[in-house]
2 protein chains.
Amino acid sequence: MPQQSSNSADAQLPSEAIRLRIRAGLHDGHTSGLAPGKLQCNLAILPEAYALDFLRFCQRNPKPCPLVGVGETGDPMLPTLGRNIDIRTDVPRYRVFKRGQLAEEVTDITSHWSQDLVTVALGCSFTFENALIRADIPVRHIEMGLNVPMFRTNIDLAAAGPFGGQMVVTMRPLPQDLIQDAIAISGRFPQAHGAPIAIGDPAAIGITDLDQPDYGDAVEIKPREVPVFWACGVTPQNVLRAAQLPICITHAPGHMLITDVAEDAETTLYQDTTN
Amino acid sequence: MPQQSSNSADAQLPSEAIRLRIRAGLHDGHTSGLAPGKLQCNLAILPEAYALDFLRFCQRNPKPCPLVGVGETGDPMLPTLGRNIDIRTDVPRYRVFKRGQLAEEVTDITSHWSQDLVTVALGCSFTFENALIRADIPVRHIEMGLNVPMFRTNIDLAAAGPFGGQMVVTMRPLPQDLIQDAIAISGRFPQAHGAPIAIGDPAAIGITDLDQPDYGDAVEIKPREVPVFWACGVTPQNVLRAAQLPICITHAPGHMLITDVAEDAETTLYQDTTN
């Protein structure tokens, strides 16, 4: 999640208009700061034969894998998440994995689509970060124009079929007096990882060095700040890779699916009010 | 959901102890008022071939069908919902449907269990009713010792595979000045139908006569009270029957699965802290 300034032109557009620009190949960059107030999603596309186990996995691990939308088998449209969403073209950048190996990074998966694929959309941390910023709670990596630091942990996930492993977390340092507010605010967004899963000692969750994140960028932790850890959407990506499916497709990091669902809606279901 | 007094002896027992009594055939009555503070669930057991569509259906209709647990195919144990839960024996009373027709009402489904069945547990209204009562918001049918009145509506559900239809709702009459509190309190329990789906005019959701509920009992609506409608767990039962699966098994109304998950937990996942 680089700084938001690079998306300033598209930031004024409504969610559907941005998707149309993405579909037309006019926007293939990250989606941070776009369509403010609209839910953005992590993406997992996998063969139907694995979909039941993957949904069970998400249900059992709702903090890293908050399930917000599931497509029909073979149907690339996602009507429950917005108007005219075609998952083959409407995400800026995709990663195609075969047997767990990155095969391609592409801006269109039309040629990879098939009648046995199921799309699963999972909430993402942009949602609660936006809410923290609105509440004047600083988000360090955004202040620094960096990617959020992400760490593998020793927190076991609840397995389902071939899916399992350990949780990946993001870290945001906060002064002690803001932590309760950050818990309360992020806790209002269970569709976007919810409240923190750990606060304080990194070693307690198997992290040895906060200056050496496994993904993303290290950020400054100021004196008297405490590291606060949230479940991270990289978790399902790692779990999918480790399952070595014949094919699976995810978004590229930071290049999310932009939905028409309000971030603060009670349910993550798009209600078309225009027709 | 009859009056709670008939469960007074078992009401002092912890959730696991009550399940053991149910398993032993010592309690086959309703579960209202039992294991206070613990999540109770609607139950749907169906063949794996239909489970992916049913999970998609629940994801798309989270107000009537709040998904709180899913078992492994063929495995009657539900470790994510509590200690040593055996779904074949630990619910007081079950209904077995074949091709949509009620075949049997039984207290044990061991003889019906098979290696292709999947258990799905859905939240139930006991959870938010308990919270309303704690906040001194009157719940009329409990005051009157009756079943909650339930009505078919014209609210279309989002379909998935063979599953679809219209929502069933419960109605609780409230004085105007308590409605905002009732919305806020029930809204805190998305795992248990959440906030109301309609308030006021029954005709707006296709209900013609509040004195003639489709299920349950009619309750008194006092002068200046407003009918408040919540999504109801009978919805998935009707949807399952209409789908005419070769077999499906539900709980009998009011005879719920008692879990070890706290009603107010952030996620509906049991954490075993005893070993």
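This is a predicted model: local features need pLDDT of at least 70, side-chain atom pairs count only at pLDDT 80 or more; totals for chains, interfaces and linings use all residues.
## Helix α3 of chain A

Helix α3 of chain A spans residues 126-134, and its buried residues are Phe126(A), Thr127(A), Phe128(A), Glu129(A), Asn130(A) and Leu132(A). These buried residues pack against four elements of chain A: the strands β1 (38-47) and β5 (117-123), and the helices α4 (140-143) and α5 (176-187). After α3(A) comes Asp136(A), which has a positive phi, near 60 degrees.

## Packing of α3 on α5 in chain A

One of the packing partners of α3(A) is α5(A). The axes of α3(A) and α5(A) are 9 Å apart, and the two helices pack at an angle of about 135 degrees.

## The four-stranded sheet of chain A

Chain A holds an open sheet of 4 strands, in the order β6-β7-β9-β8, with antiparallel pairing. Strands β6 (150-156) and β8 (198-199) of chain A stand at the edges and have a single partner strand each, so one side of each has no neighbour in the sheet. The pairing of β8(A) with β9 (residues 225-231) of chain A is antiparallel and extends over 2 bridges. Within this region, Ile199(A) has Val228(A) in β9(A) as its bridge partner.

Helices of chain A also pack on these strands. Helix α5(A) lies across β7 (166-175), β8 and β9 of chain A, and runs at about 135 degrees to β7(A). Helix α6 (residues 234-242) of chain A packs on the sheet as well, where it touches β6, β7 and β9 of chain A. The direction of α6(A) makes about 160 degrees with that of β7(A).

## The side of chain A that touches chain B

Contact between the two chains involves 18 residues of chain A and 18 residues of chain B. On the chain A side, the elements that give two or more residues are α2 (48-60) and β2 (67-70). Helix α2(A) gives the most, with 6 residues. By class, the residues on this side of chain A comprise 9 nonpolar, 5 polar and 4 charged.

## Strand β5 of chain B

Strand β5 of chain B covers residues 117-123; 7 of its 7 residues are buried, so the strand is largely enclosed by the rest of the structure. Both of its faces are covered. Leu117(B), Thr119(B), Ala121(B) and Gly123(B) are buried on one side, and Val118(B), Val120(B) and Leu122(B) are buried on the other.

Strand β5(B) has antiparallel bridges to β1 (residues 38-47) of chain B, 7 in number. One bridge pair links Leu43(B) to Ala121(B) in β5(B). Strand β2 (residues 67-70) of chain B is also joined to β5(B) in the antiparallel sense, by 3 bridges. Here Val70(B) has Val120(B) in β5(B) as its bridge partner.

## Val139 and helix α3 of chain B

Val139(B) lies in the loop between α3 (126-134) and α4 (140-143) of chain B. Val139(B) has 20 C-beta neighbours inside 10 Å and therefore counts as buried. Apart from neighbours within four places in sequence, the contacts of Val139(B) are Glu129(B), Leu132(B), Ile133(B) and Arg172(B). Val139(B) and Ala262(B) are 123 residues apart in sequence, and their C-alpha atoms are 22 Å apart in space.

Helix α3(B) packs on α5 (residues 176-187) of chain B; their axes come within 9 Å and cross at roughly 135 degrees. That angle makes α3(B) oblique to α5(B). The crossing of α3(B) and α5(B) is right-handed. Phe128(B), Ala131(B) and Leu132(B) in α3(B) meet Ala182(B), Ile185(B) and Ser186(B) in α5(B), and this contact has 5 nonpolar, 1 polar and no charged residues.

Note on methods: Residues are numbered from 1 along each chain as its sequence is written. Chains are lettered from A and ligands numbered from 1 in the order in which they are written. A residue is buried if 20 or more other C-beta atoms lie within 10 Å of its own, exposed if 12 or fewer, and partly exposed in between; C-beta atoms are placed from the backbone. Two residues are in contact if their C-beta atoms, placed from the backbone, lie within 7 Å. Ala, Val, Leu, Ile, Met, Phe, Trp, Tyr, Cys and Pro count as nonpolar, Asp, Glu, Lys and Arg as charged, and the others, Gly among them, as polar. Axes are lines fitted to C-alpha atoms, for helices over the stretch in contact, and angles run from 0 to 180 degrees between N-to-C directions. Two strands pair if DSSP finds at least two bridges between them. Angles under 35 degrees count as roughly parallel, over 145 as roughly antiparallel, 65 to 115 as roughly perpendicular and the rest as oblique. A crossing is left-handed if the near helix is turned anticlockwise from the far one by less than a right angle, and right-handed if clockwise.
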